[in-house]
Amino acid sequence: MSQRTVSVRGKRFPVIRDYRLGGKVYQAIEKLSGQRPRYKVYDKHAGPDGDFRVLQIVPNSPRVREYVKVLQRVSRHNSNFPGIIDYHVTAEDVMLVVNWIPGQTLAHHLKNSKTKKGLGISVFEAIRLYHGFAHGLTQLSHRKNIVHGDLKPENLLICREPNRLVAIDFGSAWTVEQSVKREEGDGLSGAYAAPELLSGDRSVDFRSDQFSATVIYYEMLTLERPYDGIGGRAALPQFKSWRDKFIPPSKKSPYARYLNRSVWREVDHVVQTGLKLDYRERFQNRREWLDALEVIKFEISRTSRLCDENLFIVRAMRWINQLFPERKQSR
Ligand SMILES: Nc1ncnc2c1ncn2[C@@H]1O[C@H](COP(=O)(O)OP(=O)(O)O)[C@@H](O)[C@H]1O
Ligand SMILES: [Mg+2]
């Protein structure tokens, strides 16, 4: 039997299978995850020409249902998460349909940057993207202490119009018991996971996402992971000697010269605090974290204003020199 296909904007895609949810048909055209039932689907009912979506199937539980409701509410006003278009609850599963976000993962950009010597975006843009994302993230934890639980560059997409970071792959935190030890060793997650998540010592809260997000910030700024590359695993007993290997981003960044020293001082403070291996030493609530990030923004605009003033003085001198050329020659 020949493979069924669907044509979307002049391109043909093989249809893996149809999902019928609440009177709508979603045609699965690509399996996205090797580990979980997650598909890129075509929704012919979306807009005038139909559109792509992502269909995720998650085991049903009260926690998952609560999480989905919160995410649906938050994503309506928050462009750092894919909007939840639709969800259907069956006895076994929650079937979740979310927006398809066009863009490459941050992991892809970071990988490229190692060869091309840069993220492909300026350090200012990297800081702006990250700060926007941190704001979005705190809106999530603000509601019923919901966390993402698996923040890493593979789970962040860099999108355009407006330029922003979008977190995908929700599900790690809500499909496992919150206090259960997470399996370390699935790819690079170990470097991004907060120590308390790796050890299973305590239930997860906003401070764990803060740690992972800060590892990502460090990597965006330096193109390397903190604690000599091992990130949160520095807290594990076998990596004890790595704990002293922390180098602040200002001392590691290839972009060091682009930011004023006073900006780096604030960046170092945010990064050092966010990367404390003991969660009690990180920013304790979203306000503290956001305030510290705000100081960075303030320092950037203050110092660039100073640069503008310097530029003005240079232009004024040039103009005076042009007015009095003989003065210039007589020097
Ligand atoms: N909402 C989405 N929009 C665009 N791409 C997505 C979306 N969700 C997932 N993807 C793509 O699918 C890949 C795998 O998805 P993810 O949810 O991270 O599953 P897993 O971690 O199990 O591989 C992502 O790296 C991304 O390229
Ligand atoms: Mg993922």
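Conventions. I number residues from 1 along each chain as its sequence is written, and I letter chains from A and number ligands from 1 in the order in which they are written. Since the model is predicted, I kept local features at pLDDT of at least 70 and side-chain atom pairs at pLDDT 80 or more, while totals for chains, interfaces and linings use all residues.

Ligand 1. I looked up the residues around ligand 1 (C-beta atom, placed from the backbone, within 6 Å of it) and found 17, the closest being L32, S33, I101, I168 and D169. Domain 1 (21-99) and domain 2 (104-304) both give residues to this shell, so ligand 1 lies between them; the bounds come from an automatic or database domain assignment.

Helix α2. Helices here are DSSP runs of H or I of at least four residues, and strands are runs of E of at least two, numbered from the N terminus. In α2 (residues 106-116) I noted L106, H109 and L110 as buried, with 20 or more other C-beta atoms within 10 Å of their own, where exposed means 12 or fewer. Seen down the axis of α2, the directions from the axis to the C-beta atoms of these buried residues fall within an arc of 100 degrees, so they line one face of the helix. On the other side of α2, K114 and T115 are exposed.

Sheet. I traced an open sheet of three strands in the order β9-β10-β11, with antiparallel pairing, where pairing requires at least two DSSP bridges between two strands. The edge strands are β9 and β11, each pairing on one side only. T105 stands opposite L157 in β10.
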